[in-house]
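Work through the following exercises with the sequence and the coordinates side by side, and try each task before reading its solution.

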Amino acid sequence: MKHIRLFEEFINESSDWELSLSNIEDNEYVVKALKGSKEIGKLNFIKSKFKPVLKATIVTVDPNHRRAGVGSSMYEFAEKELNMKFVRNDD
């Protein structure tokens, strides 16, 4: 997804949130962005069974933390952890 790379320069390396990746079931995953104990972002996605790509299903970022790189960071974190890229789902 092209927009992830465009916003990369705005991501603060010393961000005050932490990211975690969890496998929900079979090919479903979630990345959570936490600031302390508060969840400020969540990215649900699937790993395609037929191609080596990721597809986002739900993306949420707390309104108080939007435009700070949280969403982009979650996408990039998932791509690095699973060594795959996201593709646009135009369904």
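**Exercise 1.** In which loop is Asn 83 found?

Solution. The model is predicted, so local features need pLDDT of at least 70 and side-chain atom pairs count only at pLDDT 80 or more, whereas totals for chains, interfaces and linings use all residues. Residues are numbered from 1 along each chain as its sequence is written, and side-chain values use heavy atoms, with hydrogens and water left out. Helices (H or I, at least four residues) and strands (E, at least two) are DSSP runs, numbered from the N terminus. Asn 83 is found in the loop between helix 2 and strand 5 (85-86), and this residue, which follows helix 2, has a positive phi near 55 degrees.

**Exercise 2.** Determine how the span of helix 2 relates to the expected value.

Solution. The expected span is 1.5 Å times one less than the number of residues. Helix 2 (residues 70-82) has 13 residues and reaches 18 Å from its first C-alpha to its last, close to the 18 Å expected.

**Exercise 3.** Is Asp 62 buried or exposed, and which residues is Asp 62 in contact with, leaving aside its neighbours within four places in sequence?

Solution. Buried means under 20% relative accessible area, exposed over 50%, and partly exposed in between (1.4 Å probe, protein chains only). Asp 62, in the loop between strand 4 (53-61) and helix 2, has a relative accessible area of 16% and is therefore buried. With those neighbours left aside, Asp 62 is in contact (heavy atoms within 4.5 Å) with Lys 38 and Ile 40.
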